[in-house]
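Me: I would like to learn how to read a few features of a model. Please give the general idea first, then the case at hand.

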Amino acid sequence: MSTSEQIIPHGHVLRYTLKERLTHWVAAVAYIYLLMTGLAFWSPWLFWVAVILGGAPVSRMLHPWAGLIFFAAVWNMYVMWAPQMKHTDVDKAWWKAVRYYSTNQDDKMPPAGRYNAGQKFLFWGFFWGSLLLLLSGVVMWSPQYFAWHSLIAMRIAVLVHASAALFTIGLFLIHIYMGVFAERGALSSVIHGDVSIAFAKRYHPGWYKEIVGQSSTPRK
Amino acid sequence: MTNGWVDMKNTDMMLIMGGNPAENHPCGFKWPVEAKRTRNAKIISVDPRFTRTSAVADLFCQIRAGTDIAFLGGVIRYAIENSRIAKDYLVNYTNAAFIVKGDFKMPADTDGVFSGFDAKSQSYDKSTWNYAGTGGGDATHPVGGSAPPAPKLPEKVEFDLSLQNPNCVFQLLRKHYSRYTPEMVERITGIPKEQFLKAAELYTSIRKDGDMKKAGTIIYAVGWTQHSFGTQIIRTAAMLQLLLGNVGRAGGGVNALRGHSNIQGATDMAGIFDNLPGYLKVPTPADTSFDSWMKRITPTSSKPAPWDSFNYWGNTPKFAASYLKALFGDAATKQNGFAFDYLPKVDRNYSWVQMWDNMYNGVVKGMLAFGMNGVAIGPDSKKNIDALKKADWLVVGEIYPDETSEFWKSPGITQDEMKQIQTTVYRLPCAGFAEKDGSFTNSARWLLWKNTALPTPGDARLDQAIVAQIFLKVRELYKKEGGKFPAPILNLTWNYSNPSSPPLAEVLKEVNGKALADLEDPATKQQIKTGQQLPGFAWLKDDGTTSCGNWIYCGSFTEAGNQTARRDPSDPSNLGLHPGWGWSWPANRRVLYNRASCDADGKPWDPTRRQVWWNESTQKWVGNDVPDFKVDSKPKDHMGPFIMNPEGVGRIFAPLGAFADGPFPEHYEPIESPIDNPLHPAQTHNPVVKRYKTPDDKYATPKDGYTVVCTTYRLTELYHYWTKNNPMNVQLVPEPFVEISAEMADEMGLRGGEKVKVSSIRGEYIAKAMVTKRIKSMMIDGKKVYQIGIPIHQGYRGIKEDEGKDARTLVNLLTPTVFDPNAYTPEFKGFLVKLERA
Amino acid sequence: MSQATLRVQKISGHAGTVPGEGTQREYTVCKLIDTTTCIGCKACEVACMEWNDLPFGETVFDNTYQTMPETRWNYWNLILFNEHVREDDGSLMWLMRKNQCMHCAEPGCLAACPADGAIVQYTNGIVDFQQANCIGCGYCITGCPFDIPKMNPKTHRVFKCTLCADRVSEGLEPACIKSCPTGCLHFGSKEDMKFLAEGRAKQLREHSNHPNAGVYDPPGVGGTGVIYVLHDATKPEIYGGLPKDPHVPWTVKLWKGPLKWLGNVAMVGGLIGLFVHYLRYGPKAREEEDINPGGKP
């Protein structure tokens, strides 16, 4: 970490450490590759995507490796964030009021912590989805190369893989929408690491309260 | 075969026994399948194992190896008891009505042997095995001289067409096999009575209610021949077929499946020491001249006085004289008995097993081994290996390095022992089948020419080139150095365009024979000029004006060219005769004895399968096939259809010296058997079979702990000891195995794939167990008996692809040195072993 | 294997129309296997290896006459040997069934395959793998109800019987048919083979002890380009697990059918929904309300 990076601009608070940001972007790049190649295998109408990405055989060859990288990143997130992703009473209330959240009436929302209930759901959704993708993916990776291969397991794996992928795609769309379009500042936060105090106050009041009680210059 | 492969499509019923054609003759098996498909024909498979053939059979009986005579005898009894016999055929075309001499006795009356047995010499005085009758120099009426002449058949045979005379062949047959009840069959063979009766009923159903239209065939292979009574099994089958009127008929006959592409050819060309090409009997030291030899081996007809007999072997002098002319050319003259003195005189047994015994005992010093793997073939491979250790030299002509040429590397021989072995081994690379031309004679007696497909690789040479060069060298030495008796070598004809590698087409031409003078057929005025190829054996002369290397092949290479190379697939009669495809001996005749396909009046028994028939208007026999008969013999002359027998009829009773061990087949146990013979426990084995006496020759009894019946066989996937050199075959059958019944495996706590050691008193074989439902335990004479089976193909000389998988032992380490007294075939089937985990 | 003279009527993983579909007057070809006359000689296995130049593969003894437990990427034609005891009379049967690609009219492999043109069905019904287009995903393996396609672990390409499309396109019969010694294998138009098979089954019912003899041409996969005559058509399972009523597996059907549509609708719907949401509600905070989120200090 260079010294310049330790400096937090005035009115900003550190939201993601470098480790967190790196993990996120490793997962993001891997996921986007997986999404594109996966979609190419999903539909003949998108098969061209695989062709662009170096040809379908290359895509088929790299997809499982990208999957491993993705899962490694997800696993790292799990290790870093799982304690913070515990379901709380505030989250219960949050879900009850989710209609206000989705209609941008954030002031009517109960005070969320570092992560609101929706983000937690996203996290756990990605975690379990990735786990399913990993397990089914491993079964599909090397069909018949081993004496213990199972046709039934493969058939189920294909189905599970597609279903789990669809599920994560849903989460992914919401994630992109929220991070890039809905919450201005979110994208920046996962690039630069910090958010404005206003952002913190607006979206994560509980978290804001927590951090003002701490050192005012947390390290990035 | 009396018939042929393609002819099997005409059949209604097949008894496949002592053979597994689906396994070993898959291409020929097309025709049995065709009969099933097009005629609803039935297959009865009788085998020690449920085989590939059994898989497509309609009925399967599991038989104990070596009890086929009991089974067939039981079927004969069943056919007689249930009147499922061809009465007219029997009376007119067989010797059923002939009356046998009163002093002939059968095993039931003489403690398990026929009359005339001498226990000391283990041989028979066969003079009682004869018809009652007059003339012909019967032994009971010796005509002067010091030594009584060998007994002969009577010229006029007494007979009883009602078949009621208690001493007529039919009544003797009935009496002899009356002992082969279904209960007895079950005790001996292990086939449950009901199952046996099903089989007997099904096979004889073709003669239900006296119907003569249907035909049944019996198909066999080495499962019958490889016994110490093999010839008699085949005899029993022939008798059954005569009884049912199946011989000579389309879809009938007794059909031997030969185990190699050209075994029939080898047999025709004197594969066995006791005959010359064309089944002429070899001269013995007692034959002092051509004429005395001819007198001994040329039969005279022997028949009921009102009947006629063609007695075609009466032409033997013509065949023999032409043969000697082919061998010695101008050196063979009428004056010198056609150089009869040049022929070796066979003074004793020179058969396969005897040869190895002789080498073991130091009599035979060297061996030229071509086209066979003698050590692996066995029997008793250890004895063969030990014999080779004592030989001075061994020449092996092969396309692969084989077990024989590496006998000194066989398992169990130590480095020190190897150094002691002084045998010089010469290995000559030979040509493979695709690298040579020549003719194959298939099981159906068809000679088929083949062309060279590939050049010989490397230093490999053609077999005939190797043999020719050895001959030329020997002749040169005789020319130079003289010797005891150089004349036969120096005078042997060798008129080939390339003496050091005779073209095989020229050899076939020589075998066919040619005119040595201008000839004319007095009846047709047809002429043949000197030097022309003969069109058929009817032209052969006993005056030295014809030469012919093998009379039955005469007609195969005529002035019209190489008949064996013909490839006209047409079959106008649709009977599978294909007269323009290759050439069939004799005289391009496809079904032997085809006169018997017609009733006494010359009309086909079955009008839908017309082979030959009597044409009233031309007063000649004509047909789709070449009539196997005297073409102008009128039906009312009552000439018998079995023209090669002096009787003119089929032999249900085989008189005199026809067989060494009896005129009727009797069930004897294999030399190693789990029980005493239930028919006569005092005479368990074939009485004339002799055992060998070297230290390597051991024979076991159940008392020695060897209680399991073992049989050996081949697999479709492999060809003898040869294809284990080809990775693709190795892939199909990667490892040697032993087939074991599930029950036996349970008892031993053995699972499929575990290694077992099979031991006989002579040796051991290690392989993996194939545990199967296809072999079951059997109740034999009240005793539970297990049977196992081993494919023969593996050995200690393998290739990279089967490295480590091969047990590197030979199956024939297990088999005993003992052979059939008629054909000298060793007993590879049905010996005793014990089985342990390895 | 590319067959220039054969036209294609179905293509895997293909968007849009298929060039050969409905454009050719063509017989559907068919292989008839009469298991009641098969002697398990393996000539077809060897012919297949020879014609297709398939390399040697290691095998081990497995308590059977069967060459190997199942077909391999380099062994497309395998006779399955099964010992079966008949329920009715307790007699033993040694069933031999030549196993290979069945060339289904509605091939599950083709349905499951995502790679454009990796699996094609010619207008004569032959289902053929085009290894050049194969991506090695193995989905075809999951689509096959007969467990036929096998992957080469080195090249990651799937192989199976081509019904000798190269020979058939030249007017020859497949190599296995050519090699069969007993005539248990026949080749011709589907119609002719059905006729032959039905005739043989009738013969077995009437003249042999096989009252349940019949023809195996399973409708669940639209019929097959390889049909069997069975001694007992009510129990195809005894022939080494020949499925009684084979279908494209439900997982593949679900995945390629409802799930695919559901997924497509969900994805496209989701995108549209989010876009509309943005139009309606916009971002949570207007630009002016936000403090410069991440600019340099």
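Me: Where in chain B is the place of P379(B)?

Reply: This is a predicted model. P379(B) sits in the loop between helix 15 (374–377) and helix 16 (381–390) of chain B.

Me: What kind of peptide bond joins G378(B) and P379(B)?

Reply: Most residues other than glycine have a negative phi, and most peptide bonds are trans. The bond that joins G378(B) and P379(B) is cis, with omega about 0 degrees. A cis peptide bond also joins W585(B) and P586(B), where omega is about -10 degrees. P586(B) belongs to the loop between strand 23 (583–584) and strand 24 (612–615) of chain B.

Me: What is the phi of Y279(B), and is this residue buried or partly exposed?

Reply: Phi of Y279(B) is near 65 degrees, a positive value in a residue other than glycine. Y279(B) is in the loop between strand 10 (275–276) and strand 11 (280–281) of chain B. There are 17 other C-beta atoms within 10 Å of Y279(B), so it counts as partly exposed.

H720(B) is not a glycine either, and its phi is positive, at about 45 degrees. The loop that holds H720(B) runs between strand 26 (708–713) and helix 21 (727–732) of chain B. H720(B) has 16 C-beta neighbours inside 10 Å and is therefore partly exposed.

Me: Which domains does the assignment give for chain B?

Reply: The domain assignment of chain B gives domain 1 (6–96 + 171–262) and domain 2 (702–837). Their C-alpha centres lie 26 Å apart. In the contact, domain 1 of chain B takes part with 22 residues and domain 2 of chain B with 28 residues. On the domain 1 side, helix 1 (21–24), helix 9 (222–225) and helix 10 (230–243) of chain B are the elements that give two or more residues. That side of domain 1 divides into five nonpolar, twelve polar and five charged residues.

Me: How should I read the contact between chains, and how many residues of chain A are in contact with chain C?

Reply: The size of an interface is often given as the accessible area lost when the parts come together. Here the description is by residues: 45 of chain A are in contact with 41 of chain C. Helix 4 (56–81), helix 8 (151–182), helix 9 (186–192), strand 2 (194–196) and helix 10 (197–203) of chain A each supply at least two residues of the chain A side. The largest share of that side, 15 residues, comes from helix 8 of chain A. By type, the chain A side has 26 nonpolar, twelve polar and seven charged residues.

Me: What is the strand order of the open sheet in chain C?

Reply: Strands of a sheet pair through backbone hydrogen bonds, either parallel or antiparallel. The open sheet of three strands in chain C has the order 1-5-6, with antiparallel pairing. Strand 1 (8–11) and strand 6 (127–129) of chain C are the edge strands, each pairing on one side only. From one strand to the next, the twist averages 30 degrees. Strand 5 (residues 119–122) of chain C is joined to strand 6 of chain C by three bridges. Q121(C) stands opposite V127(C), which is in strand 6 of chain C.

Me: How many helices and strands are in chain C, and why is chain C described as spread out?

Reply: Chain C has seven helices and eleven strands. Its radius of gyration is 25 Å, well over the 19 Å that the globule rule gives for 297 residues, so chain C is more spread out than a compact globule. The C-alpha atoms of chain C fill a box of roughly 95 × 45 × 45 Å along the principal axes. Buried residues make up 49% of the 297 residues in chain C.

Technical notes
Residues are numbered from 1 along each chain as its sequence is written. Chains are lettered from A and ligands numbered from 1 in the order in which they are written. This is a predicted model: local features need pLDDT of at least 70, side-chain atom pairs count only at pLDDT 80 or more; totals for chains, interfaces and linings use all residues. Two residues are in contact if their C-beta atoms, placed from the backbone, lie within 7 Å. Helices (H or I, at least four residues) and strands (E, at least two) are DSSP runs, numbered from the N terminus. Ala, Val, Leu, Ile, Met, Phe, Trp, Tyr, Cys and Pro count as nonpolar, Asp, Glu, Lys and Arg as charged, and the others, Gly among them, as polar. Two strands pair if DSSP finds at least two bridges between them. Axes are lines fitted to C-alpha atoms, for helices over the stretch in contact, and angles run from 0 to 180 degrees between N-to-C directions. Domain bounds come from an automatic or database domain assignment. The radius of gyration is taken over C-alpha atoms; the globule rule is 2.2 Å times the number of residues to the power 0.38. A residue is buried if 20 or more other C-beta atoms lie within 10 Å of its own, exposed if 12 or fewer, and partly exposed in between; C-beta atoms are placed from the backbone.
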